[in-house]
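Please look over the sequence and the model below before reading on.

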Amino acid sequence: MTTLLQPPATELRSELMDRIEAATQPDPYARRKVRGVRRSDALAIGGAAVSSLAMTNLLFFVLTPLSSALAFVSVWYVAFLWLYAVIVSVDEPATVVADRLVTAVVWTLGCLLFVALAFILTYTVSRGAPAMKHLNFFTTDMTEAGPLQGLEVGGIVHSVVGTLEQISIALVLTIPLGLTCAVFLNEFPSRFARFVRTIVEAMTALPSVVAGLFILATWILILGFPKSGLAAALAISVMMLPIIIRAADVVIRLVPHQLREASYALGTSRWKTVWHVVLPTSRSGLTTAVILGAARGLGETSPVLLTAGYTASMNTNPTEGPQVSLPLAVFTLVKFPQQDMISRAFGAGATLLIVVLALFVAARFVGGRAPGHETSRQRRQRSAASARDARRFGARAGAVGLGLVLIGLTLTRTSGPAYATDGYVPISGAGSTWSQNAIEQWRRNVNQYGMSINYQGTGSSDGRNQFRNGTVDFAVSEIPYGITDGNATDPPPERGYAYMPIVAGGTAFMYNLKIGGKQVTNLRLSGDVIARIFTGGITMWNDPAIAKDNPQLALPARQVVPVVRSDGSGTTAQFASWMAKEHASTWDPYCAKAGRPTPCGVTSFFPVVGGSSFVAQSGSLGVSAFVAQSQNEGAITYVEYSYALNSGFPVAKVLNHAGYYVEPTASNVAVGLLKAKINLTPGPSYLTSILDGVYANADKRAYPLSSYSYMIVPTEVSGRFDEDHGRTLGAFAYYFLCEGQQQADVLGYSPLPINLVQAGLSQVKKIPGVDVQSVDIRKCNNPTFSSNGSNTLATTAPYPPSCDKVGPVQCTTGTGGKKDEDTQPSDPAGTTDDPTPTPGGQDPGDGSTTPTTPGAGVPTVPGAPPGSQPVAIDPDTGAQVPVAGAGDTGYVVTGQAMTLAAGDRAGMNTLLMVLGGLVLLLAVVLPPAVGQLLSRRTR
Amino acid sequence: MARRSLKSRPVGADQVFRSVSVGSGVVVLAIMTMVGLFLAIRASEALRVSGTGFVTEHAWEPDGGQFGIVAVLLGTILIGLVAITFALPLAAGTALFISEYAPRRIERMLITLVDLMAAVPSVVFGLWGMFFLQNHIFTVSRLLSTWFGWTGVLAVPGAHPENPLDTVTQYKSSTFLAGIVVALMITPIMCSVMREAFSQAPVGEREAALGLGATRWGMVRTVVLPFGKGAIIGGTMLGLGRALGETIAVYMIMSVIIDIQPYVLKSGGSSISVLIAQRVGDSSALGVSALMAAGLALFVLTLIINFGAATIVARSRSGAESN
């Protein structure tokens with residue numbers, strides 16, 4: 001019986017068919033993929049990207065002279081979008097093409113932001129890594145570390161402590177007040193509450209710098225408190241309070257009103273409802289708001305900048321003395337030109353980022369989610385709390401204690417910097433950056449004696465102002481009070497004061513210039529040329545006036561960029577004083593052009609004419625750091641000699657009245673200052689100097705712009721300055737007037753002559769509270785001292801070599817920070833020689849003298865007379881410079897490949913190349929477009 | 001029968017609570033008013049000296065009686081405008097990306113990342129701008145000024161781009177560079193405001209658009225963007241307000257010259273907050289009052305912009321449904 005043993009063939013076939021159908025057709029109950037990327041989509045994107053890359057490559061490296069990386073990426077992106085649209089349009093209608101394009105653009109924008117964020121974070125951490133690698137970075141402060149010391153010394157622990165203290169005080173002040181106010185706004189709605197809310201919202205717009213200005217004007221200037229961490233914390237609180245109130249207000253308003261009403265229905269009072277229902281419900285949001293407000297306040301620099309002062313040492317007492325915070329440390333450290341200091345600045349920035357990130361993570365973790373949503377941890381906590389409540393209701397325990405634990409441990413008097421057994425207290429000063437390098441070195445040296453000196457280099461005008469307002473114990477300034485600057489006269493302080501000279505030095509002209517890729521180190525400038533440079537009269541380095549001073553240098557046709565001080569500066573005042581005395585005919589018209597009243601005279605604010613190529617930077621560090629950047633070729637500035645030494649850059653030799661070009665070494669400055677007239681009549685101007693004779697000093701060694709720097713000390717107790725401060729200031733003065741002068745030469749200054757040291761020592765006696773010491777001058781080891789009263793440094797000063805005299809020969813030795821590097825003379829074009837083609841050069845005789853294609857080597861000048869010495873051509877100017885031949889011990893000038901920005905010089909060439917690019921584009925795009933058009937038509 | 005009083009008299013503890021709360025409101029109001037009044041009083045001292053010259057003069061010499069905010073206000077507004085030009089597309093694009101295009105799983109992480117970017121301190125942005133961006137963006141400035149200099153605003157007078165020796169310093173420390181750095185600072189805030197609104201676009205309308213056959217972009221264009229229009233404008237104005245008050249990053253990057261400088265690509269520029277931060281130490285008492293007047297002007301400008309933003313957001317569809 002076949003039917004019983006085997007199913008019929010038709011059934012077999014249908015079962016087979018069923019199986020085949022089941023295998024080939026999708027399961028109706030399986031999840032259908034609604035989203036998802038088809039293979040064709042991925043291939044479209046990939047194909048568009050690769051082909052656009054290839055096309056851009058072709059356009060850039062073969063056809064056209066465009067060169068920058070950014071242009072490459074932009075053209076690639078635009079080409080990618082274009083090609084992607086074309087590829088998609090083959091299959092899909094126009095709406096889908098638009099959709100895909102927008103998707104690509106939105107993805108790009110989104111990724112761009114996150115990539116930028118990641119890049120900024122990694123850049124900061126990687127630049128700060130050299131400093132952060134050392135453990136001392138996190139455990140020491142900057143007392144011992146100077147700008148010339150390596151990263152094994154110094155750290156930022158003082159700013160970390162300062163930040164934590166300031167933000168804690170700010171939180172203690174703002175959280176209770178802010179939360180209570182937010183509760184008030186929500187629980188007691190009325191016209192008054194609406195008014196308060198409007199005012200609070202308005203105050204969130206207050207710029208943080210204005211908050212700092214407010215605290216400066218009231219707390220510090222009117223109420224007379226010192227610049228301290230507490231002042232900074234107050235400024236941060238003023239800024240943070242409206243932000244916290246508004247954030248808390250929003251969170252509390254989100255609590256559902258049904259919860260409140262349920263609580264009232266159960267018979268509780270208002271405050272119990274708030275305490276047990278409203279606040280716990282909004283607790284997560286409140287925590288997030290508070291922590292984010294704290295992160296915002298932590299990162300604020302401008303309020304702290306105005307109110308906290310600056311110190312390099314640890315100060316754990318926020319009520320007394322300046323205190324640094326992390327953002328302020330970053331801002332200050334980054335001004336130095338030395339790489340180590342910049343690494344420290346980045347390290348401080350990275351530390352700040354880590355602190356902010358930690359707070360952020362804490363906010364997310366502790367805060368949890370919005371009201372109504374719970375994390376599993378919060379659910380567990382809630383059930384545990386309910387169990388506890390059940391037990392409590394059962395046991396009828398006693399009253400719950402309200403405990404509010406304040407974080408205000410720092411409000412109690414904590415110890416400030418250690419009081420040495422000698423009874424020195426920390427003192428602070430501010431003012432000139434001209435003498436700051438010397439003061440910083442002396443400050444570090446007296447640390448071992450227990451003296452803690454804080455000095456803020458903010459410019460002489462600021463120092464005089466602060467001394468007048470009584471916010472600092474001493475000021476340092478190059479010019480005295482009472483000078484009329486433009487329309488304002490600088491009034492002297494109310495309390496008694498005296499001037500004390502601290503050091504001498506020269507205002508040098510630091511510059512950044514290269515010939516043939518090699519740094520110029522022997523530039524000479526006469527006074528008239530300098531005056532014209534800094535009044536915009538000379539704008540190019542190859543000006544004939546500069547060439548007259550430098551007959552053996554083939555200076556490039558590069559723009560002169562004068563860098564001037566933007567703040568109120570004693571260096572500017574010294575420079576202006578020299579200009580006004582020696583070159584008034586150039587100075588006065590320039591001042592008039594800048595809108596100042598004439599005759600111009602001395603000014604602490606360098607006048608700048610709008611639209612000029614002048615660059616203004618703040619502080620001596622700012623101007624020297626600007627010139628020291630390698631791309632800022634052509635920059636020149638006026639700054640004290642020590643800054644050029646520290647940056648490793650040369651200074652220009654200045655022509656004196658004897659016809660010699662000299663640089664401001666300690667001996668040349670000492671010679672120059674022999675002609676300074678010191679005011680010896682007792683009175684407020686005792687010991688100030690008149691430098692007219694110095695400018696015109698006819699000694700061959702004299703440097704014209706030599707000057708003294710003064711410390712302004714109080715002669716009576718007033719305000720915060722008491723006898724303890726006086727004792728410390730007096731001890732510091734005794735140190736630098738005697739032993740400190742030994743280091744002046746090495747630091748880039750010139751030691752004081754004996755008459756000024758003696759006069760200074762007698763001024764010290766006027767400081768109230770000073771421990772009068774009888775100093776044996778002979779033990780001071782001051783290089784200027786001699787037995788017969790003459791200035792030894794000046795008498796033994798070496799005379800300048802004859803090549804420094806005005807004439808056709810120029811000394812090759814370097815100056816300033818580049819003393820060891822000579823600059824060989826570059827022969828002027830046409831006096832020698834055989835042009836040898838340098839590697840990669842073009843064929844001589846093609847007639848073109850300027851390079852037109854990128855990547856070209858050094859072009860050669862055809863037609864130069866044959867000679868004996870081979871030369872190469874400076875790629876910048878086309879002038880000929882000598883090349884070391886056999887037996888020459890000079891240097892070899894090599895050409896550098898230069899890629900030039902595209903200009904419209906070779907108009908026809910560019911046009912042809914762009915046309916070629918367009919043709920290429922059409923060749924790529926046209927066939928598929930035509931094919932699509934045809935297929936559409938036949939459909 | 002005597003009328004029963006329906007008012008409830010607060011119990012002892014509640015009275016204390018009420019007085020403490022109202023007291024805190026009074027204290028906060030007093031502090032804010034004191035700040036405002038003090039600024040106004042000190043500023044008026046300076047304004048008495050300058051008269052109407054305050055809004056027409058472009059120099060800043062308080063001791064000479066000639067000071068005005070024209071130059072610094074122009075500089076501040078230029079920085080704000082450059083910042084908004086870069087921040088608006090970036091913020092709107094990122095907000096759309098997070099709410100519409102990003103995979104759902106990473107949405108929360110992206111929102112956290114944006115909030116994190118808002119918390120990065122401005123000194124860090126200043127550092128990055130000073131050391132990295134300044135050395136790389138001058139090629140862009142040179143390109144823009146060469147090809148688009150005819151627009152006037154993008155010109156750099158005094159530049160000779162065809163000269164290979166032309167100095168690059170005239171493109172550095174410019175308003176353009178400061179504007180880019182400030183743009184990165186304000187983008188996260190703007191992005192949060194916009195994203196909140198976009199994510200609240202009604203689901204019914206979205207699905208209706210999709211059901212009618214719109215592509216995702218079509219749905220976004222017709223539903224999400226009109227719904228979030230108020231938030232886009234409000235967020236932009238909020239960002240602008242923040243950009244106008246930014247001090248430290250601008251201070252670190254720009255070379256400050258107090259003069260009318262309308263060329264954004266050229267080095268030099270100014271801003272009211274940088275003027276205050278820089279000049280407060282060098283100024284006499286009258287100078288500090290003048291700085292306060294400038295700060296007050298900035299405050300009023302930011303206030304107007306913030307209130308405008310709040311009004312626009314509140315009046316929009318997205319604002320009406322949220323707080």
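How many of the 16 residues of H13(A) are buried? Helix H13(A) is mostly covered, with 12 of its 16 residues buried, where buried means under 20% relative accessible area, exposed means over 50%, and partly exposed lies in between (1.4 Å probe, protein chains only). Among the buried residues of H13(A) are Leu286(A), Val290(A), Ile291(A) and Leu298(A), together with Gly285(A), Gly293(A) and Gly297(A). The helix comprises residues 283-298 of chain A and reaches 22 Å from its first C-alpha to its last, close to the 22 Å expected at 1.5 Å a residue, the expected span being 1.5 Å times one less than the number of residues. Helices (H or I, at least four residues) and strands (E, at least two) are DSSP runs, numbered from the N terminus.

The model is predicted, with local features requiring pLDDT of at least 70 and side-chain atom pairs counting only at pLDDT 80 or more, whereas totals for chains, interfaces and linings use all residues. Residues are numbered from 1 along each chain as its sequence is written, chains are lettered from A and ligands numbered from 1 in the order in which they are written, and side-chain values use heavy atoms, with hydrogens and water left out.

Chain A has 32 helices and 20 strands, and of its 939 residues 51% count as buried. Of the contacts in chain A with a separation of 6 or more, 73% come from residues 24 or more positions apart, a contact being heavy atoms within 4.5 Å.

At the interface, 115 residues of chain A are in contact with 100 residues of chain B. The two chains bury about 9,600 Å² between them, 75% of it on carbon and sulfur atoms; buried area here is the accessible area (1.4 Å probe) that two parts lose on being put together, summed over both. Leu113(A), Phe114(A) and Ile120(A) supply 7% of the area that chain A buries against chain B, more than any other three residues. Helix H5 (residues 94-132) of chain A gives the most to the side of chain A that touches chain B, with 21 residues. That side of chain A divides into 73 nonpolar, 29 polar and 13 charged residues, where Ala, Val, Leu, Ile, Met, Phe, Trp, Tyr, Cys and Pro count as nonpolar, Asp, Glu, Lys and Arg as charged, and the others, Gly among them, as polar.

Between chain A and chain B there are eight residue pairs in polar contact, both residues being at pLDDT 80 or more. A polar contact is a pair of N or O atoms within 3.5 Å; within protein, one must be able to donate a hydrogen and the other to accept it, and residues adjacent in sequence count only if both atoms are side-chain atoms. Across the same interface the rule finds zero salt bridges, a salt bridge being a side-chain nitrogen of Lys or Arg within 4 Å of a carboxyl oxygen of Asp or Glu.

Within chain B, Ala91(B) lies in helix H2 (residues 70-101) and is buried at 0% relative accessibility. Leaving aside neighbours within four places in sequence, Ala91(B) is in contact with Thr187(B), Met190(B), Cys191(B) and Met194(B). Gln134(B), in helix H4 (residues 122-148) of chain B, is likewise buried, with a relative accessible area of 7%.

Over all chains, a search of the whole structure finds 26 salt bridges. In one of them, Lys653(A) pairs with Asp804(A), the closest N and O atoms being 3.0 Å apart. This pair links distant parts of the chain, Lys653(A) in strand S13 (residues 653-655) and Asp804(A) in the loop between H31 and S18, 151 residues apart. Both partners are buried, Lys653(A) at 7% and Asp804(A) at 5%.

The loop between helix H31 (792-795) and strand S18 (834-835) also holds Lys818(A), which is buried with a relative accessible area of 19%. Its side chain reaches the backbone oxygen of Gly648(A) at 3.3 Å, and Lys818(A) forms a salt bridge with Glu821(A), the closest N and O atoms being 3.8 Å apart. Glu821(A), at 30% relative accessibility, counts as partly exposed.
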